Amino acid sequence: MSRRLKLLSGIADLHLHSPFFVTLLVAAVSVACWRYSAELPYSTSRIDLIPRDHPARTRFLQLVRDFGPQNTIAVVIEGSSAADRRAFSDRFAKALSSGGGFDGTVFYKIDLERMMASAPFFLDRETLESIKGDLESNQPLVDALPDLAGVVHAVNRRLEESSLKGLAAVSEALPGCRRVQELFRLMNGHARGEKISRRSWMSVLAGRSVAALSLFDSEGYLVSRAEDTHFIFVTPGLQSEELAYLVPQIQRIRAALAAARSHLPGVSASLTGVPIGVLDEYESTQRDLPRSTAASLAGNFLILVLGFRFRPRMALLTMIALAAGIAWTLAFAKATLGYLNLVSSVFVLFLIGMGINYGIYFATRYDLERRRGLDKEAALRLVLQQQGVGILTSALAGSVAFLTLCLCPFRGFQELGLIAGTGLILCLISGTLLLPPLVLLTERFRSDAREEPAGGLFHWFVVLVQAYPVPIALWFSFLTIYSLGIGDLFPFEYDLNRMLPADAECVRAGEKLLKGHALSPMSALVVCRDPREMYARDRALRARPSVETTLSWASFVPDEAERKRAIVRSVADRIGARPNRALPASSADLVRLRRELRTLDDMLASAAHSLDNLAFYVEARAAEQARDEVNAFQDRVRRAKPQEAARMMASLGNALLESWKDLSAEVGRWSKSPAPDDSFVPPELRRSLRSAGGKFAIVVSPREDISQKEAFERFHAAVSEVDPEMTGYPVIIHTMVALLPQVLETTSVKAVLLIALLLSVDLKSPRRIFLAIFPVLIGSAWLMGLMKLAGLKYNPVNFLALPMILGVGVENGVNFVHGFAGRDSARALETQGLGMLLSAGTSIVGFEALAWVSHRGLASFGLLLTLGTTTCLVATIFFLPAIVELEANRRHMVEQWRELLGYRFY
């Protein structure tokens, strides 16, 4: 007798002689474990999921040490009027700072007037040189003021000069058409009663703006591009993603929002950012997981009751043994790790889906043998000796599938692999030690101890497979080839927002922030050693197409101040103050103006047509938009009576002249204004933009949605060209997500190899090892096809379904091989079929409950588990027996041919 059989016989003797003592001892240990693990802490830190020595993690932590916390929360403010939104922002900031307990910073506005007093210093020197050239080329337009017809004539001459250059003027078409559009937009606005300001001329003549100032409205408040939404960025005082710190901070933020909303009920506010995402994820999992766990347990119990022919006794005993295993696993987790994280917290679902299977195999086989007429002692010994080895091997195989996660580089998955892998072994031990004595102690409640089976539940499976092994094998072979042909090996979803509930606050607010504002809590950061490097990198980053804007010390303290001052003085001397002459209403030459407008309209139409034919679609669109403004102005002049039109044109020409004079005076003041210094930097940003050690940080905001893989790769490549060691939350999160497909692939291959090595110890022959692994290989192939057809992909949550599917598939295969033990497949299906069906059924019902939760990552996790468990079950019950039957038929035919060829006819 082998050592394993001796051990199993010893366990059987222990249960038969002292069932009450064993039950009492295991129950006492289980209760102690439950009480010990009652307050198991929960960690929500995402940074701790990454290996401690990973370069991305090291750079990020150094960034936090130098520049302070990076866990910024964005407040998205919406309301009917800009004044209300500004008032809301002020009230919120005051309430948050005066409420006590909040130790962070609030950034939502700047001293815009002070910055505008030194506006030219914030433009690049090259931009100022270009503006100077633009002013020189547009001097005829200014000289014509206040004669409106002369202004339009100057515009026509400029467009005509550009058109004579042919293709060489294409680069001038876009800014030229936009200047025309801006000029006539001002003129149409004046006709509607809008005021023309000196700043309006900058868009007409230069068409440029200060990048940092584009983030703010006219009062200096952070605002969306369309200026219909305001924003506030709140940074807690500590860099922590733990709930113990985040929850009080977020509660204070929400209290300040409520206080501001009480005075301005027409304004609404929502939160987004990494801390809000962590909290939303935690709240959704805490709300969904208990429900899914309860539904899974209820579904398991119902399936077991049905499987045991509406006898709840065996179902209840199996569930009790599972509960003991889960209690032991919780105690193990607290003793070894001391906490659970966002990844490892789902291990209970794994154990409910897989840990119960070992008790199911024992209970179904014991029930079968009792109905065949064996007494309880003989049935117990037979089941432990014949079924025990297969259960042990399948449990070890499932545990190995999880323990391979310990080989991956991420701590979170290492911890999950350790807990879940150990938990399966503990569930095996609890099922082996607790379930048999419970069954023996409750045997007196059994009503069918001598019932003879009538054919068995799986009799029709046996008949079907033995009658049609070839069609079944051919059909499933075709299905396997088709699935491999259309499926991807490891399709992966990189958008983390698609894991959270669709209605999560951080998702909805994040979409608004992304669409409306250039800054983002998910910005990358570039660290510079000195000011020279900071200015050079800031210019280089702003020139990248994938970069929307940058925010740095250079945004408030620009460089090359003296060279810029010289250019501004040159511009001031050129534009000067225009003569103080007004155009009388009677002198407006409407005929000449209308003629010039028609000429301008024709030139824009011709330019748009030519540019469109040359495939310069952006420039052609700009010409069409400028033409729309010109046509609107033409219609206004055409509809007005001559005297009214003359007065309107005179008023407009004089307004343009006066605003130009205001601009001239402001440029003169700019030439004498002091250069911006460190005092221009908002106090809320000083620590985050300049470290105590003299380093500088550049906040780089993406132009696209970097939750998408392609967009992030473009953004990462653009920033990496400037600084290969860029850091920030986007780098941390996408580094982790980008490594997951590789982790998934390597751990899957390692798991299959280790499982095969384990099976070789038990099953010995390569043929039996192949048959045991066959269901998981075929089931995984079918799962690939189903994922392709359903549009499913792996993500950082549901990719953990793969180790479970490997464990379930191998478990079915191992017990099937142990069931036929060299005989035909009928024996295996009769003895193991019900156990396989119930174990898979309990898993499917439990996992299906998870597929309906609001957390989309968990929902896809439950769906993949359901599909994978189903495919492995179908492969085990149908495809594997057909292969065994074909193999048996082939051997029989070979033996017949050998006998025929060796027969003597004489």
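In this short talk I go through a predicted model, beginning with the chain as a whole and then turning to several local sites.

Since the model is predicted, local features are taken only where pLDDT is at least 70 and side-chain atom pairs only at pLDDT 80 or more, while totals for chains, interfaces and linings use all residues. Residues are numbered from 1 along each chain as its sequence is written, and side-chain values use heavy atoms, with hydrogens and water left out.

Let me start with the overall figures. The secondary structure comes to 33 helices and 9 strands, where helices (H or I, at least four residues) and strands (E, at least two) are DSSP runs numbered from the N terminus. Of the 906 residues in the chain, 56% are buried; here buried means under 20% relative accessible area, exposed means over 50%, and partly exposed lies in between, with a 1.4 Å probe and protein chains only. The accessible surface, from the Shrake-Rupley method with a 1.4 Å probe and, for residues, only the protein chains shown as cover, comes to about 38600 Å², and 58% of this belongs to carbon and sulfur atoms. If we take contacts (heavy atoms within 4.5 Å) between residues at least 6 apart in sequence, 83% of them join residues at least 24 apart.

Next, the surface around helix α20. A nonpolar patch is formed there by W475, F478, Y482, L786 and L789, which together have about 550 Å² of accessible area. Patches are made of residues with over 30% relative accessible area and no salt bridge, like charges being joined within 9 Å and nonpolar side chains (Val, Leu, Ile, Met, Phe, Trp, Tyr) within 5 Å; a salt bridge is a side-chain nitrogen of Lys or Arg within 4 Å of a carboxyl oxygen of Asp or Glu. Both α20 (469-486) and α30 (766-790) supply at least two residues of the patch, and α20 gives the most, with 3 residues.

How many aromatic pairs does the structure hold? There are 13, and rings of Phe, Tyr and Trp (its six-membered ring) pair if their centres lie within 6.5 Å, planes under 30 degrees apart counting as stacked, over 60 as edge-to-face and the rest as tilted. For W475 and F478 the ring centres are 6.1 Å apart and the planes stand at 35 degrees, so the pair is tilted; both residues lie in α20, 3 residues apart, about one turn of the helix. Ring pairs also link F476, F770, F774, W782, F878 and F879 into a cluster.

Now to the strands. Strand β5 (residues 268-272) has 4 of its 5 residues buried, so it is largely enclosed by the rest of the structure. It pairs with β2 (residues 73-78) in the antiparallel sense over 5 bridges, where pairing requires that DSSP finds at least two bridges between the strands, and S268 in β5 is the bridge partner of E78.

I352, in helix α14 (residues 347-355), is buried at a relative accessible area of 1%. Leaving aside neighbours within four places in sequence, I352 contacts T293, S296, L297, N300, L322 and I326, and its C-alpha atom is separated by 7.4 Å from that of L322, 30 residues apart along the chain. T364, in helix α15 (residues 357-371), is also buried, at 6% relative accessibility, and touches F308, L834, G835 and L838, not counting residues up to four places away in sequence. E560, in the loop between β8 (547-551) and α23 (561-575), is partly exposed at 26% relative accessibility, and its phi is near 55 degrees, a positive value in a residue other than glycine.
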